[in-house]
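Me: I've got a structure open and I'd like to go through the labels on it. Can you back each one up for me as I ask?

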Amino acid sequence: MLYDVRLTLTYDYDAPVHGGRHHIRVAPSTMPGVQRVVASSLSFSPTPHRVTSFVDFFGNTVSDVTFVDPHEKLDIRLTARVQVEDRRGQADLSASLEKLGLEISRFWSVEPDSPQHFLAASPRVQIVPAITDYVQTVTTKAETIFGMAMALCLAIHRDFEYDPKATDVETKPAEAFTLKKGVCQDFAHVMIAGLRGLGIPAGYVSGFLRTNPPAGKARLDGADAMHAWVRVWCGTHMGWIEFDPTNAMVAGGDHIAIGHGRDYADISPIVGVLRTHGSHETRQSVDVVRIE
Amino acid sequence: MTKRTSEPRSAPRPSPSIISDYHLLPGVPDEMIDAAGKLRPGWDRLMGAFDSLGSAELAARFERADQYLRDAGVFYRKYDGAAGKERAWPLAHIPLLIDETEWRTLSRGLIQRVELLERIVADIYSDNRLVQEGLLPPELIAQNSEFLRPLVGVQPTNGQFLHFCAFELGRGPDGGWWVLGDRTQAPSGAGFALENRVATTRALSDVYGEMNIHRLAGFFRDFRDHLFAQSRPDGGRVGILTPGQLNETYFEHAYIARYLGLMLLEGEDLVVEAGRVMVRTVSGLKPVSVLWRRMDASFVDPLELRYDSRIGTPGMVEAVRSGSISMINALGTGILETRALSAFMPRLSKHLTGAGLELPEIATWWCGQAAEREYVLDNFDALMIGPAFATTLPFDDLRGTALGGSMTSTQKAQLKDRIATHGRHYVGQEPVRLSTAPVYQEGKLEPRPITLRVFAARTQEGWGLMPGGFARVGSTPDTTALAMQRGGQAADVWVVSSKPVEQVSLLPQEGDKLVRNSAGSLPSRAADNLIWLGRYAERCEATVRILRAYNARLAELSKPDLPILTHCAEFLKSIDVDASEAMPHGLLLSINSAVHSAGQIRDRFSPDGWLALNDLQKTAQRFATRIQTGDDATRAMTVLLRKLAGFSGLVHENMYRFAGWRFLEIGRRLERAIQISRIAGWLTGEDAPDGSLEMLLEIGDSVMSHRRRYSVTAGTQSAIDLLVLDPLNPRSVLFQLTELRTQLEALPGGIRDGQLSTVAKTALQLQTALIIAEPQAVTPEELERIAGEIGLLASLVAGHYFT
């Protein structure tokens, strides 16, 4: 499946910003077996003093952007064409929880894709006993890791309300869990916290959803903004599988990934240090069109 | 030149009487007395000297050491619940003596260890063979918050991760030394070791001189040479990166910076431009190429490490990646402090060096492994149980680590349960017993447990050990290592040689190239603080002078509603000072602000000046609780005025005329010009009551000059002439502007190609206007305007030099 992605992120500052430096992670990366970036272009307004880029530990492309002149607004524009592999409908060949533990203990690697990085608490995901208990309850019938992850996906979709006003970008998984409300970021964090609580490696994926659904299907939640979902390590055989708790589905066709990390902190679209006294407002517009 | 100070050790002397009632603790070795009950090498000399001094003289000498520490302003910050307070350094007066032969064994073991640590950390941040080969569990890295992912694959520019490390050691019941912990992140204590040495030798200079004790200066000299050797051929400064004055060991950072001649830098002083670290100085951005990091790595860059760090420099990791900066130690080396790593050190040593560890370490069982977990659960009561990923030393870890047997049965059950399910988070460690050394308490020697902190640094010839260090001395006779959690004292460590030792000094040697540092390296932040220190000190003085004039009249007339008093009180109110308070809160705030500004630039400041300022603060605080308005306050203000003059005198008579002094002077002149303009305007206005002019002359300290130059009765014009326009009166506004112009021209960039800087031009304009002004034209409105203009000049200076 071939997609054209267009993203505009706009930051309006209350007071003029006297220079700043940002790490921006919005451009999709090529991931073997998942997606291939055919073309990608990122532009900024005003024109930065300096732009460089590098690839971070988890393989994400980072633009390092420096501004020197005062400005009151920042526009980040991305256009990309991405070929996405259809990964839906895979047979469940994942391990049982018990076997998974054994496989992890034999996984002598700290390479970026090693499940070892995705088991402990990370900057934005704490292990919360209440969430672990919830996950245990909703996954009792599942026998495999894949089955457990899918069951959890469905449960979150059933028990949580999609409500952009209920939470913000700083909301902790425990709060979102108590509220049973939030957006994709919250659902992904809750799911990650719960899986790790049971000893299942889970990470955070940031990306986009196709905007208009195929004929006869409903538009997906979160399609008009940047999206987030979860990747779960289902054992040595199946490896990493992506699940979207916001839409209760396996991600593997309509999802275009920017990149991934342990949680939001590893792949947030913009990390910045500004010289300013005011606050700012953010707007984003996303358009994802299937070409073929 | 080596001085021959003593003959070889002579025949045994009779046992000194001071040790006759020193009673050893059972089951642990003692540093002074060996198993056979004899004094160990060196101690016989020391105790003999104590005997001949007698207890009165000894007490006086120990007091001399304490006095030195107080005078030098040595302190540390302790965080116990509320805001950290500065504490006096708790010196245990008797040094710990270690024989050179034993020291050599210790050195060999520690150098083996630090080289092993270097290889481990190099592997962790490159290809991770140790994990692949099953020698290091991946969890200990991948789930470790000290594993800094942005540094993976980054080779340090000099190829080395570790340059300066510390080790905590204890002597076990078998008599041998054990490693209790490694400090690889940003080890502290070397500066305190130096201060301990100075203080201890103050008390015992004659004994120290007669014994052959290894000197510490050579160690610092060699490490400084190593630091400068790391700087790039195209230049670049060498600095110490400090978290700032709220850090518990800030004193030490400032002290070492001064001692070694390094810049003391905070994250805010630095900026990364095109991958290069630069320091903001008053002459613009200057490159930095070596940073001796005293800040935990995760705080150095808010862009790539901790996003919430407010003390870092955005882009620092990029600079490291691009190889333009040497970090001492490399970012990420903190992972070596992970407690669970101890469990793997013996095996890693065999694997990487082919040999076992020469110095053993506390036996450690990591509960992430099945067999080890079983062992810990089976021997729970007899082990210290603590967090596996902790980087604190077990005896610094008040909350996290405890002896299994000391827990309640509920705690035990809960913890055992956690270990069974979440084993990888826990370690069990052998509870260490420590040796004892004597402390002097109430005229007697008492044995107390000790641990030893030793420092290792790279030099041009490989690793070297500081021949000394500092010993922590327990506060009770309990010799379990955990008892050290309860704090105690610190003692100097003397390495005793049987032969004369090399006398080293950090002063340049004959033949060294003379290096002159240019004045332009003053960091902008330091300059900013110097200006504010000057301004606050001057503001205090102005306020004190007005308060004294006010209270003197109040005492004399005892009618607070007299026009002159209410008029004066109204002025004080405009500067947030309440005249009805004998020691107004507003004045205390100014004094505190002066101390705060001075505290941020301790490295540029003489200890005497610092003590004078602290003394001023303490006196003012004491007055605040005791004095009454009127006569009492008049006298108190006179005392404060004298103390302020003492501070100014110390600073201005002793500070080298570098850019730093100029900024202090600029601050002082700016503030005085503003204060005099304002009070002169206030007291010469149409509504100014009788007695205003006399009061103005008194506040401006110009009563005598006025009497000499004009008539006995003050007129508005003569007062204005003397306090505003007189070029020779050091209190006049014109005098301040003349001084300001001189200093601004002398600053970096003050005159370029014969052209004055914008700032110097503005000062010249203001000065010229006053030179040509006639007294009658200097109205209260005009004075208010002048004060405003000088305020703008202050902002101009800040804008020009500090951004």
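Me: Where does B:His425 sit, and what makes it count as buried?
Reply: This is a predicted model, and in it B:His425 is in the loop between helix H12 (409-421) and strand E15 (426-429) of chain B. The cut-off for buried is 20 or more other C-beta atoms within 10 Å. B:His425 has 20 C-beta neighbours inside 10 Å, so it counts as buried.

Me: What does B:His425 touch, leaving aside neighbours within four places in sequence?
Reply: B:Pro387, B:Ala388 and B:Phe389. As for B:Gly368, it is 57 residues away in sequence, yet the C-alpha to C-alpha distance to B:His425 is 7.2 Å.

Me: Why is B:Trp366 called buried?
Reply: Count the C-beta atoms again: B:Trp366 has 25 others within 10 Å, and therefore it is buried. You'll find B:Trp366 in strand E12 (residues 364-366) of chain B.

Me: Which residues is B:Trp366 in contact with, beyond four places in sequence?
Reply: B:Ala340, B:Ala343, B:Glu372, B:Ala388 and B:Val427. Take B:Val427: it is 61 residues from B:Trp366 along the chain, with 4.6 Å between the C-alpha atoms. B:Ala388 turns up in the contacts of B:His425 too.

Me: How is chain B split into domains?
Reply: The assignment gives domain 1 (363-429), domain 2 (522-655) and domain 3 (657-803). Between the C-alpha centres of domain 1 of chain B and domain 2 of chain B there are 55 Å.

Me: What makes H22(B) largely enclosed?
Reply: Of its 14 residues, 10 are buried, so the rest of the structure largely encloses H22(B). The buried set is B:Val733, B:Leu734, B:Phe735, B:Gln736, B:Leu737, B:Glu739, B:Leu740, B:Arg741, B:Gln743 and B:Leu744. Their cover includes helix H18 (659-683), helix H21 (716-725), helix H23 (758-772) and helix H24 (780-801) of chain B.

Me: How does the span of helix H22 (residues 733-746) of chain B compare with what is expected?
Reply: From first C-alpha to last, H22 of chain B reaches 20 Å, close to the 20 Å expected at 1.5 Å a residue.

Me: How do you know that the length of H3(A) agrees with its residue count?
Reply: Helix H3 (residues 145-159) of chain A has 15 residues, which at 1.5 Å a residue should span 21 Å. The end C-alpha atoms are 21 Å apart, so the two agree.

Me: Which residues of H3(A) are buried, and what do they pack against?
Reply: The buried ones are A:Ile145, A:Phe146, A:Met148, A:Ala149, A:Met150, A:Leu152, A:Cys153 and A:Ile156. They pack against helix H1 (97-105), helix H2 (129-138), helix H5 (184-197), strand E8 (227-233) and strand E9 (240-244) of chain A.

Me: Which members of the largest nonpolar core touch the most others?
Reply: That core has 143 residues, and the ones touching the most other members are B:Val121, B:Val454, B:Ala471 and B:Ala491. Past its sequence neighbours within four places, B:Val454 is in contact with B:Leu110, B:Ala166, B:Phe167, B:Leu169, B:Leu465, B:Met466 and B:Gly469. There's also a second, separate core of 90 residues, which includes B:Ala594, B:Val724, B:Leu747 and B:Val797.

Me: How do domain 1 and domain 2 of chain A meet?
Reply: 24 residues of domain 1 of chain A are in contact with 18 residues of domain 2 of chain A. On the domain 1 side, strand E1 (2-24), strand E4 (61-84) and strand E13 (280-290) of chain A give two or more residues each. E13(A) has the largest share, six residues. By class, that side divides into 15 nonpolar, six polar and three charged.

Me: And how many residues link chain A with chain B?
Reply: 18 residues of chain A are in contact with 19 of chain B. E1 and strand E12 (270-274) of chain A each give two or more residues to the chain A side.

Me: What is the confidence like?
Reply: The scores are ipTM 0.95 and pTM 0.87. Chain B averages a pLDDT of 90, with 94% of its residues at 70 or above. Over residues 1-12 of chain B, though, pLDDT stays under 50. Where pLDDT is low, the predicted coordinates should not be read in detail.

Methods
Residues are numbered from 1 along each chain as its sequence is written. Chains are lettered from A and ligands numbered from 1 in the order in which they are written. This is a predicted model: local features need pLDDT of at least 70, side-chain atom pairs count only at pLDDT 80 or more; totals for chains, interfaces and linings use all residues. Two residues are in contact if their C-beta atoms, placed from the backbone, lie within 7 Å. Helices (H or I, at least four residues) and strands (E, at least two) are DSSP runs, numbered from the N terminus. Ala, Val, Leu, Ile, Met, Phe, Trp, Tyr, Cys and Pro count as nonpolar, Asp, Glu, Lys and Arg as charged, and the others, Gly among them, as polar. pLDDT is the predictor's confidence in each residue, from 0 to 100. The expected span of a helix is 1.5 Å times one less than its number of residues. A residue is buried if 20 or more other C-beta atoms lie within 10 Å of its own, exposed if 12 or fewer, and partly exposed in between; C-beta atoms are placed from the backbone. A nonpolar core is a set of buried Ala, Val, Leu, Ile, Met, Phe, Trp, Tyr and Cys residues joined through C-beta atoms within 7 Å. Domain bounds come from an automatic or database domain assignment.
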